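Hello,

Here is the structure I promised to pass on to you. Have a look at it first, and my notes follow below.

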Number of protein chains: 2
Amino acid sequence: MNSFTYYAPTRVEFGLGAESKAGQLAKEYGATKVLVHFGGESAVRSGLIDRVCASLDEAGLFHVELGGVVPNPRLSLVHKGVELARAEGVDFVLAVGGGSVIDSSKSIAYGIANEGDPWDFNIGLRKPTGCAPVGVVLTIAAAGSEMSSSCVITNEETNVKKGCNSDFCRPKFAIMNPELTLSLPWYQTACGCVDIMMHTMERYFTPNATMQITDEIAEGLLRTVFENALILRDNPDDIDARAEVMWAGSLAHNGLTDCGNGGSDFASHALEHELSAAYDVTHGAGLAAIWPSWARYVMDGCLDRFVQFALNVVGVDPEEYETAEEIAHAGIEGMEEFYHALEMPTNLHELGLDLSDDDLAERARRCAANCGGSRGIAKVLYEEDMLEIYRMANA
Amino acid sequence: MNSFTYYAPTRVEFGLGAESKAGQLAKEYGATKVLVHFGGESAVRSGLIDRVCASLDEAGLFHVELGGVVPNPRLSLVHKGVELARAEGVDFVLAVGGGSVIDSSKSIAYGIANEGDPWDFNIGLRKPTGCAPVGVVLTIAAAGSEMSSSCVITNEETNVKKGCNSDFCRPKFAIMNPELTLSLPWYQTACGCVDIMMHTMERYFTPNATMQITDEIAEGLLRTVFENALILRDNPDDIDARAEVMWAGSLAHNGLTDCGNGGSDFASHALEHELSAAYDVTHGAGLAAIWPSWARYVMDGCLDRFVQFALNVVGVDPEEYETAEEIAHAGIEGMEEFYHALEMPTNLHELGLDLSDDDLAERARRCAANCGGSRGIAKVLYEEDMLEIYRMANA
């Protein structure tokens with residue numbers, strides 16, 4: 001039995017039209033001046049920003065807007081947001097978007113509650129002493145940031161993408177209306193499904209896991225996304241499938257799926273972060289391109305878990321194979337088939353990258369450096385291991 | 001798709017020796033003067049109260065103690081606690097015990113934050129406007145009160161047992177050390193396992209359930225308790241099984257297992273509350289004695305759910321039966337076998353009660369009255385339905 005802390009205080013309001021509650025909820029959590037932070041113009045054109053602002057007006061809350069967040073959210077916009085928030089006396093940040101918008105909002109909220117540059121927290125120079133309250137109107141099911149303690153920002157000047165984890169930034173509330181995800185292109189939907197599953201897979205593949213109940217929840221969540229991603233491929237308007245994926249996205253990353261697991265791996269995330277920082281690929285697609293190679297490289301370190309995954313998530317039939325290794329490999333192949341069914345890549349070429357061995361070596365060098373030397377518990381990976389996985393993914 | 005709110009803000013600290021964190025955690029949540037509330041002398045004799053008080057001392061927190069909580073916690077002790085807390089200026093209630101102690105603590109905490117008698121909230125005379133912060137050191141896995149919004153108190157003068165639900169009383173933190181449950185007699189352990197499963201079953205049996213992910217979590221939780229209860233019957237010292245049951249107890253009742261289910265039933269609970277209020281039977285045993293009769297009475301109203309339960313939780317083999325009804329009945333019979341394996345009753349006689357039809361009619365009359373006329377969504381039960389279920393359980 002491993003000790004654990006579980007803390008997921010975010011209030012979730014899930015359902016059609018739930019965004020109309022934004023103003024009332026922000027007010028309950030003490031907002032008086034709200035920064036409404038969002039991404040592209042689609043949130044404006046769809047009328048969502050207007051609806052959210054109307055809800056804030058109704059609650060009597062002053063608000064300013066700041067759009068323009070891009071995937072792999074950039075430090076320069078965070079700086080602009082902090083400046084605006086400080087000038088306007090903003091005391092609450094309302095993120096209207098997906099993981100990038102939420103993480104950008106969290107970073108701005110750190111900037112409101114702490115002096116200086118919030119990037120210091122991402123690179124470990126200082127620790128935050130607090131965070132302005134953040135609320136979320138979720139429009140993309142993927143990152144799980146709406147209930148998580150993480151905040152990943154890209155410094156586009158140095159090409160460094162780094163996360164800062166602290167309970168301070170966990171959103172006060174998350175409004176989840178699956179209808180808001182209906183307009184997402186299939187590619188984004190598929191990337192989101194990969195990311196959601198990876199958040200739980202990063203927690204699942206550990207030699208230290210001890211709790212049946214955590215495994216039951218993790219495997220049930222993974223089966224749910226597996227099945228509903230395929231439903232959405234054939235019918236993107238299936239609102240029930242949208243709902244399954246959206247709620248799975250939050251539970252995959254709020255800590256529930258690693259209770260008692262004795263830590264989590266997150267090496268695939270670290271390997272992917274280097275790709276999206278350098279080549280601006282979409283995070284979910286990058287994860288799909290890396291994971292099979294990671295899995296084959298580390299498999300021996302927690303073979304039992306790979307077998308359990310193959311049987312309980314991928315649905316591998318044990319009668320068809322003779323050894324545990326074969327079952328584990330069949331599970332990894334099953335995931336590759338699943339990724340292909342979602343039109344996701346399973347290697348760097350399919351991701352659209354054409355990299356030299358020098359490129360790979362540079363990614364491995366940076367990955368190891370940004371991880372403080374090593375990462376992972378399925379198998380502890382050092383720079384040479386990271387390079388080998390990049391090479392396998394590039395073969 | 002149904003709308004839902006999910007809000008489970010309690011911080012969980014799970015693991016061996018976790019009770020040493022009580023003082024630090026209480027301090028973080030603003031405590032200065034703590035009421036340490038507990039049940040029988042065993043918590044004192046075991047040294048647990050001393051360890052908890054030492055932790056409070058270390059954090060520099062003033063504390064007073066009040067023991068004496070009994071199962072089906074009594075209003076008279078709540079009144080004593082409120083009086084003591086008001087006299088001593090208590091601003092934090094630390095429950096050291098199981099569901100009865102936690103609910104008694106919540107009621108006292110309501111009494112600290114509101115004028116007048118907190119019983120008013122249980123009988124719906126008034127609504128609370130707040131609640132003093134409550135922390136928990138859990139010693140019995142059963143009620144799930146450590147993360148829940150419910151507070152069930154028995155007025156022993158009127159024999160009325162009623163619950164009050166409000167987010168105000170959700171504990172700030174719950175310390176869960178499975179070792180603390182090792183000394184529980186088998187009967188209490190078994191009652192706890194029944195109660196835990198019932199908290200999720202009350203949410204599961206609804207004709208309105210829509211989400212695969214919620215079903216996956218609920219069924220995984222139920223399988224976990226099913227299997228680990230049998231492990232504990234044979235080896236009560238199995239600390240890993242204790243851990244599974246303890247964590248399942250919290251997740252079964254924190255709202256996770258009914259997200260999107262369009263409400264919950266809780267008629268079995270209402271039927272049982274009349275038994276424990278009148279005859280002081282143990283809640284878990286009373287639930288086991290009622291559930292099979294309730295299940296057979298309401299089964300037609302949500303047959304699909306009973307079939308799914310039989311297949312996915314009880315492990316009924318569909319090849320052995322011809323109709324959905326047969327599979328559903330086999331699931332109920334499987335639960336009766338499970339209850340018997342735990343030495344739990346499956347009817348009122350096995351519960352130790354010898355009741356006349358007049359007794360049953362009085363229980364049904366009170367149950368309907370305390371439910372405001374009706375209860376349940378698997379099938380809406382009125383007084384005559386309640387009487388029929390009591391009669392089936394008494395046959």
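The crossing of helices H4(A) and H5(A) is right-handed; a crossing is called right-handed if the near helix is turned clockwise from the far one by less than a right angle, and left-handed if anticlockwise. H4 covers residues 75-88 of chain A and H5 residues 99-113, and they pack at an angle of about 45 degrees with their axes 9 Å apart. Axes here are lines fitted to C-alpha atoms, for helices over the stretch in contact, and angles run from 0 to 180 degrees between N-to-C directions. H4(A) and H5(A) are therefore oblique to each other (under 35 degrees would be roughly parallel, over 145 roughly antiparallel, 65 to 115 roughly perpendicular, and the rest is oblique).

On the H4(A) side, Leu77(A), Val78(A), Gly81(A), Val82(A), Ala85(A) and Arg86(A) meet residues of H5(A), namely Ser104(A), Ser107(A), Ile108(A), Gly111(A) and Ile112(A). Contact means C-beta atoms, placed from the backbone, within 7 Å. This contact holds 6 nonpolar, 4 polar and 1 charged residues (Ala, Val, Leu, Ile, Met, Phe, Trp, Tyr, Cys and Pro are nonpolar, Asp, Glu, Lys and Arg charged, the others, Gly among them, polar).

A word on the ground rules: this is a predicted model, where local features need pLDDT of at least 70 and side-chain atom pairs count only at pLDDT 80 or more, while totals for chains, interfaces and linings use all residues. Residues are numbered from 1 along each chain as its sequence is written, and chains are lettered from A and ligands numbered from 1 in the order in which they are written. Helices (H or I, at least four residues) and strands (E, at least two) are DSSP runs, numbered from the N terminus.

Now the strands. S2(A), residues 33-38, has 5 of its 6 residues buried (20 or more other C-beta atoms within 10 Å of a residue's own). S2(A) pairs in the parallel sense with S3(A), residues 62-66, over 5 bridges (pairing needs at least two DSSP bridges), and Val34(A) stands opposite His63(A). S2(A) also runs parallel to S4(A), residues 92-97, joined by 5 bridges, with Val36(A) opposite Leu94(A).

Finally, how many residues of chain B touch chain A? There are 33, in contact with 33 of chain A. The largest share of the chain B side, 10 residues, comes from S1(B). S1(A) and S1(B) pair in the antiparallel sense over 7 bridges, where Tyr6(B) is the bridge partner of Val12(A).

Best wishes

Methods:
Two residues are in contact if their C-beta atoms, placed from the backbone, lie within 7 Å. A residue is buried if 20 or more other C-beta atoms lie within 10 Å of its own, exposed if 12 or fewer, and partly exposed in between; C-beta atoms are placed from the backbone.
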